[in-house]
Amino acid sequence: MISADLAIASRLDQGVRTVGVSAPGRLHLGFLDPSGSLGRAFGSLGLVIDGFTTDLELSASASSDQLSADTPAGGAELARAADYLAVLKQRSGRHAPLSLRLRHALPPHAGFGSGTQLASAIGRAFAEWHGLDLDTGTLAHWLGRGLRSGIGIAGFDSGGLLLDGGPGADGLPAPLLSRIEFPEEWRVIVVQDPTHKGLSGGAEKKAIAALPPLPQTAAAEICHQVLMRVLPGAARAEFAPFAAGINRMQQLLGEHFAPAQGGIYTSAAVGRLMHWFADASRGHDAAIGQSSWGPTSFAIVPSHVRAEMLVDAARASGQLDPRLELRIVSGRNRGAVVRGRAAEPRNR
């Protein structure tokens, strides 16, 4: 239960009828040290992107809770949404019936952080509706998110290129170590395979447990690549060192996780295209890899023109499997959008 000083008066009497939240998707670019060779496991690098969102609306219900979805993908997430809503009610002590409309949902178990964005969006809408002064980290902790990566939680708040330090022993979400504005001119080719899903839940835990520890030397190199190539490259909009760092990081992690996911890439069709992208770009003007357990993968390039050229060349050469979906998007340097905010909470 939340403490009494957080139980701020409901905003229902302030005229707010609907609170809407649009939460952006993110790409998980890799772990720093999944085996915790220095005692702190995981640590994550991630990028929030435009073009992929979870969008929902929360309002009052006349009797019991009512949940609905505008799309089949949203419908598949209603059970998870109901669980999140139930936990929020139990933890906050606010049990008024609510209506939750899931207008759009990120693809689940595909590498976009769908669970964390759904939880954060519902949590933020719930807190706004009831006038509860709760930050995103607390809401995520209540809902069991951020157990390995904190980039989805930080990305919900701020967007950008993010680095976290891995979750601590207290179970709280990982601390954010760095946030860098992603260069506006850079683009991301997002490749999806709707016929595949990445590992999640118990299967994910089992797969991680079965893997040998990532050698400390590999973890050290990943940290070096991130600290001295990826982050400075993004901060100064110097693409070559950024791409080199991402590619080396993805190589080391891809080889480590390959036994658990059937290869460097979860989807063979995606893998063939990503290898072709790497060959076509000669490893210099594209940062290529898989987001989390996939199957979604990415090719980050220095301009929209370059992205279009690479996609057009892949089509012309017959490299695009008809099952794959490609989209060119920008990085997103802002977090979730909340609609229908009420007045500021009253003094505690």
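Two strands are said to pair if DSSP finds at least two bridges between them; helices (H or I, at least four residues) and strands (E, at least two) are DSSP runs, numbered from the N terminus. The model is predicted, so local features need pLDDT of at least 70 and side-chain atom pairs count only at pLDDT 80 or more, while totals for chains, interfaces and linings use all residues. Residues are numbered from 1 along each chain as its sequence is written, and side-chain values use heavy atoms, with hydrogens and water left out.

An open sheet is formed by four strands in the order β8-β9-β7-β10, with antiparallel pairing. Its edge strands, β8 (287-290) and β10 (325-330), each pair on one side only. Direction ignored, neighbouring strands of this sheet are turned by 20° against each other on average. Six bridges join β7 and β10 in the antiparallel sense, and Val188 has Val329 in β10 as its bridge partner.

Helix α8 lies across β8 and β9 and runs at about 20° to β8. Axes here are lines fitted to C-alpha atoms, for helices over the stretch in contact (heavy atoms within 4.5 Å), and angles run from 0 to 180 degrees between N-to-C directions.

The largest nonpolar core has 42 residues, and Leu45, Leu161, Phe242 and Ile300 have the most contacts inside it. Such a core is a set of buried Ala, Val, Leu, Ile, Met, Phe, Trp, Tyr and Cys residues joined through side-chain atoms within 4.5 Å, buried meaning under 20% relative accessible area with a 1.4 Å probe and protein chains only. Its largest share, eight residues, comes from α8. Leaving aside residues up to four places away in sequence, Phe242 touches, among others, Leu161, Phe182, Trp186 and Ile300. A second, separate core of 28 residues includes Ala81, Leu88, Ala119 and Leu143.

Technical notes. Buried < 20%, exposed > 50% of the residue type's maximum accessible area, 1.4 Å probe, protein only.
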